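Subject: Structure for you to look at

Hi,

Here is the structure I promised to pass on. Have a look at it first, and then read my notes below.

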Amino acid sequence: MECLKISNFGATWLCDGCHSNLECLSLSKVQGLNDTCPESLMYGSLSRDLLRVPKLTRLIKLNLSYCTDFTDEGLLSFLPHAGPSLIELNLTGCMQLTPTGLLAISSCRNLEVLYLTAILSIDDEVLSRIARACQNLKYAEEETFAFNEI
């Protein structure tokens, strides 16, 4: 399902009521998803959760593919808390991610499946460091491509 009309606000409210039990979250192609959304998802709406206790600690599958406004800042704020439980992570098409942000994937020690297709900044060093840290990795997909104008 493509969520073309959902914003950070909508995604936050979607997760607000089921934080502690949520195991699978797909926000693929949410065009308004940016770096403020992961913090809101992680801690809930500030009006309800002033203690800022991390949520989503049982999340095992996360799909942020083609969230084109998502950058290193969002990934770095989210993965330290949700990463340890993740088994599958899809960042395909998150083209603003750089090696700095991608290295945060190393905190996902239980990761088994990783999708990094269409991230132009990825390089051998990043892949090598992720592979060394994520020793449970069974499947990784990385294919860098560029579109040529015709």
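Before anything else, a word on contacts: two residues are in contact when they have heavy atoms within 4.5 Å. With that in hand, take Leu116, which touches Leu91, Thr92, Leu102, Ile105, Ile122, Leu127, Ile130, Glu141 and Glu142, not counting residues up to four places away in sequence.

Some housekeeping. This is a predicted model, where local features need pLDDT of at least 70 and side-chain atom pairs count only at pLDDT 80 or more, while totals for chains, interfaces and linings use all residues. Residues are numbered from 1 along each chain as its sequence is written, and side-chain values use heavy atoms, with hydrogens and water left out.

**The overall layout**

The protein chain has 5 helices and 5 strands. Both are DSSP runs, numbered from the N terminus: helices are H or I with at least four residues, strands are E with at least two. If you look at contacts with a separation of 6 or more, 75% of them are between residues 24 or more positions apart.

As for the surface, the accessible area of the protein chain is about 8100 Å², and carbon and sulfur atoms hold 55% of that. (Areas come from the Shrake-Rupley method with a 1.4 Å probe, and for residues only the protein chains shown count as cover.) Of the 150 residues in the protein chain, 43% are buried. I use "buried" for under 20% relative accessible area, "exposed" for over 50% and "partly exposed" for in between, with a 1.4 Å probe and protein chains only.

**The sheet**

The 5 strands make an open sheet with parallel pairing, in the order E1-E2-E3-E4-E5. Strand E1 (24-26) and strand E5 (139-141) are at the edges with a single partner strand each, so one side of each has no neighbour in the sheet. On average, neighbouring strands of this sheet are turned by 5° against each other, direction ignored. (Those angles are between axes, which are lines fitted to C-alpha atoms, for helices over the stretch in contact; they run from 0 to 180 degrees between N-to-C directions.)

Two strands count as paired if DSSP finds at least two bridges between them. Strand E3 (residues 88-90) runs parallel to E4 and is joined to E4 by 3 bridges. Glu88, for one, has Val113 in E4 as its bridge partner.

**The core and the helices around it**

The largest nonpolar core has 32 residues, and those with the most contacts inside it are Leu59, Leu64, Leu91, Ile105 and Leu116. H3 and H5 each supply at least two residues of this core, and H3 gives the most, with 4 residues. Such a core is a set of buried Ala, Val, Leu, Ile, Met, Phe, Trp, Tyr and Cys residues joined through side-chain atoms within 4.5 Å.

Which residues of helix H3 (residues 72-82) are buried? They are Asp72, Gly74, Leu75, Phe78, Leu79 and Ala82. These lie on the same side of H3, because they cover an arc of only 145° around the axis; the arc is that of the directions from the helix axis to the C-beta atoms. Leu76, also in H3, is partly exposed, with a relative accessible area of 39%. Leaving aside neighbours within four places in sequence, Leu76 is in contact with Thr100, Gly101 and Ala104.

In H5, the buried residues include Val126, Ile130 and Ala133. They cover an arc of only 70° around the axis, so they are on the same side of H5. Helix H4 (99-102) and E4 are among what covers the buried residues of H5. The face turned away from the buried side of H5 carries the exposed residues Asp124 and Arg132.

**A few loop residues**

Tyr66 is in the loop between strand E2 (61-63) and H3. Phi of Tyr66 is near 60°, a positive value in a residue other than glycine, and Tyr66 is partly exposed at 35% relative accessibility. Ala118, in the loop between strand E4 (113-115) and helix H5 (124-133), has a positive phi too, near 70°. Ala118 is buried, at 4% relative accessibility.

Best wishes
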